[in-house]
Amino acid sequence: MTTVRRAVLTVSAAPLGPDNPLPALRLLGGTPTPAVDARDRAGLPRDMARQLGHAPLRTLLPTRVRDGYGRDRTPTDLDTIVIENDRLRVTVLPGLGGRVHSLLHKPTGRDLVYRNPVLQPAAFALNGAWFSGGIEWNIGAHGHGPLSCAPLYAAVVPAPDGGPMLRLWEWERLRDLPFQVDLWLPDGAEHLRVAVRIRNPHARAVPCSWWSNTAVPEDRRVLAPADSAWHFGYERALRRVPVPRSADGADHTYPLRSTHAADYFYALADGRRRWIAALGEDGTGLVQTSTDTLLGRKLFLWGTARGSRRWQEWLTEPGTPGYAEIQAGLARTQLEHPPLEAGEEVSWLEVYAPLGADPAAVHGADWAAAGASVEDALERILPRAEVDAAYARWRAHAADTEPGPLLATGSGWGALEVLRDAHALPGTPFPPELLGEEQRPWAELLRTGGLPDSPESEAARWTTPVNDAWRDLLESAAPAGPSTEYHLGIAQWAAGDLAQAVRSWERGLKNATERWPLLYCLAVADRESGHPVRAAERFSEAYDAQRRTGDPLVAAALAREAVPALLAAHRADRARRILDSLPEEVRARGAFRYLAVRLLLAEGRQDEARAVFDAGFEVADLREGAEELGETWARITDEPLPDAYEFRMRPPE
């Protein structure tokens, strides 16, 4: 019989550390805007053409950036929830986005997914910290979701077949949408069923995105029912290519035969069954299929270039086999954000299962025959009609069932939204007792019409809710002191009303006793509006003003913003003063050692800058595809960039 139980998993992990204390007024690395060739654009499906580039994120608000981790790993106990029958053992990490860490096929002893032996956060999520491996649930916008390393609610619910089902749920704040993920194993079955529902409880349409992302060993062939795909690489160009061979002649369905990292969004024909598989030399491996609502299928591969292999090492440990990702999403590509209309919901069923097909066909030269072999094998073990029927049973008999006692706890933000607007969300409760300390000032705003009277430095620690309703509440809040003006400006900035945000922050600055939060926001506004000198002055002033608070997290975060801004404004002397004022343990971190290199170069001390490189440093939160280390190295020497600093993922121009 299927069981659901708590357990503990011990892994080598780097602690997540604290969130960045500054409001996330900018995106990390920006949002990719695809360049589409005119010939390809003419052949786009209507919905894809309409949705490409629709409703991109302007900021990461209301979330905070998660960049407090390092690269020192120690054995760490993680709370897990295990779903198990006599065929499969599924290990879920409720405190880390509900990630399926392991999908063990018990008869063969094989893990069907790539199971990372370490937990090493890296700056791949929209808001920073993310880790590789397993099956992750991405909601929000293009990229790994903001809940990648966040806790979800978890509880047991009766499955449609009467056994136990694990429900995960939370309120995603970038798009302001509640969602649930239900996982269950029918008795004796060799497949994991996963039902997902996203609801829009608002009186307005909301852009939506979902991609289920499965890491698989990269020594597989990836197959999907398509003869063309949309290629999106780090050149940020979207173009249609044949499957399996791309324009460069490489067979990208074998991830290790490609040189450079890229996404391949498969052009599945309407009416075709939705599936994607990763199979080894013997024709066995993992297949993922779903009801038709989950429209897209994608392969992400790292390739064999130096930068790609360095990233693989960065995310795990040397000597560990690499991985690729097979994904399934609501749209044809991740560059689309389909609208979810007011009061509507979207749901579907996914299935993950071991699959064996004829290896000669799977790895043969005839691509159509390879796909047919997999599809025939899939239909034998899991008929399409059975998947559709299972979804219908879940939707009718389980989706709205109220969960039992909590096995894991998420955030209080859903409870705050329900408190504000009395949303009816059967099956995913957010009662008021789930409110926490983070929600306290906002519950008081609802109750009294004003925010608590607190110093600006304390108020800056509050995470600002920024949807239209909260912005209206802040605009009418009384009294409108500096703290209220600070949060109102953040909500206005998130809405794209940049001029009004600046006016709010300037009003607050006139009477503020703790000036650094408002100065920081104004500095970002100056930088974004093309005033680098004024931005540098305000960043510097904000850094000086925060010293009275004595908060080392704020000091480090502001210094990391101020030093590059001062260097851009040719104020190396002031940048030196700030960097030298930081404690030694802060300056020893890789990010600050890299800032020291940049400062040394600005001061004309090239040999000393080279010495820092030679001594070695690691910037723990380096962004995916980062090229700045290579660019800085090229300012010092014509020698080849050492492997330790090679993270570039674009083909050479």
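Ring pairs join Tyr114, Phe124, Trp130, Phe300, Trp302, Trp311, Trp314, Tyr323 and Phe647 into a cluster. A pair here means rings of Phe, Tyr or Trp, the last by its six-membered ring, with centres within 6.5 Å; planes under 30 degrees apart are called stacked, over 60 edge-to-face, and the rest tilted. This is a predicted model, in which local features need pLDDT of at least 70 and side-chain atom pairs count only at pLDDT 80 or more, while totals for chains, interfaces and linings use all residues. Residues are numbered from 1 along each chain as its sequence is written, and side-chain values use heavy atoms, with hydrogens and water left out.

Staying with the rings, the structure holds 26 aromatic pairs. I will show two. For Trp210 and Trp348 the ring centres are 5.7 Å apart and the planes are at 65°, so this pair is edge-to-face. Trp210 belongs to strand E16 (residues 210–217) and Trp348 to strand E26 (residues 345–356), so the contact ties together parts that are 138 residues apart in sequence. On naming, helices (H or I, at least four residues) and strands (E, at least two) are DSSP runs numbered from the N terminus. Both Trp210 and Trp348 are buried, where buried means under 20% relative accessible area, exposed over 50%, and partly exposed in between, with a 1.4 Å probe and protein chains only.

The other pair is Tyr594 with Phe617: centres 6.2 Å apart, planes at 25°, so it is stacked. Tyr594 sits in helix H18 (residues 590–602), and Phe617 in the loop between helix H19 (606–615) and helix H20 (628–636), so the pair ties together parts 23 residues apart in sequence. Tyr594 and Phe617 are buried as well.

Rings also meet charges. Arg99 lies over the face of Phe131, at 3.9 Å from the ring centre, and Arg173 lies over the face of Trp413, at 3.6 Å from the ring centre. The criterion is NZ of Lys or CZ of Arg within 6 Å of the ring centre and within 35 degrees of the ring normal.

Next, the sheet. In what order do the 9 strands of the open sheet run? The order is E17-E21-E22-E26-E14-E13-E12-E11-E27, with antiparallel pairing. Two strands pair if DSSP finds at least two bridges between them. Strand E17 (221–223) and strand E27 (406–408) are the edges, each pairing on one side only. Neighbouring strands in this sheet are turned by 20° against each other on average, direction ignored.

Within that order, strand E21 (residues 274–279) and strand E22 (residues 284–290) pair in the antiparallel sense over 6 bridges. Trp275 stands opposite Thr289 in E22.

Strand E13 (residues 177–184) deserves a slide of its own. Are its residues buried or exposed? Of its 8 residues, 8 are buried, so the strand is largely enclosed by the rest of the structure. Leu177, Phe179, Val181 and Leu183 point one way, and Pro178, Gln180, Asp182 and Trp184 point the other way. Strand E12 (residues 164–172) is joined to E13 by 7 bridges, running antiparallel, and Trp171 has Pro178 as its bridge partner. E12 and E13 make a hairpin with 4 residues between them, and Asp176 in the turn has a positive phi of about 65°. E13 also pairs with strand E14 (residues 192–199), antiparallel, over 6 bridges; there Asp182 stands opposite Ala195.

Now helix packing. Axes are lines fitted to C-alpha atoms, for helices over the stretch in contact, and angles run from 0 to 180 degrees between N-to-C directions. Under 35 degrees counts as roughly parallel, over 145 as roughly antiparallel, 65 to 115 as roughly perpendicular, and the rest as oblique.

Helix H14 (residues 532–546) and helix H16 (residues 572–581) pack at about 30°, axes 11 Å apart. H14 and H16 are therefore roughly parallel. H16 and H18 pack at about 150°, axes 10 Å apart, and are therefore roughly antiparallel. Helix H7 (residues 413–421) and helix H10 (residues 468–475) pack at about 70°, with axes 11 Å apart, and are therefore roughly perpendicular.

Last, the start of the chain. Thr3 lies in strand E1 (residues 3–13). At 36% relative accessibility, Thr3 counts as partly exposed.
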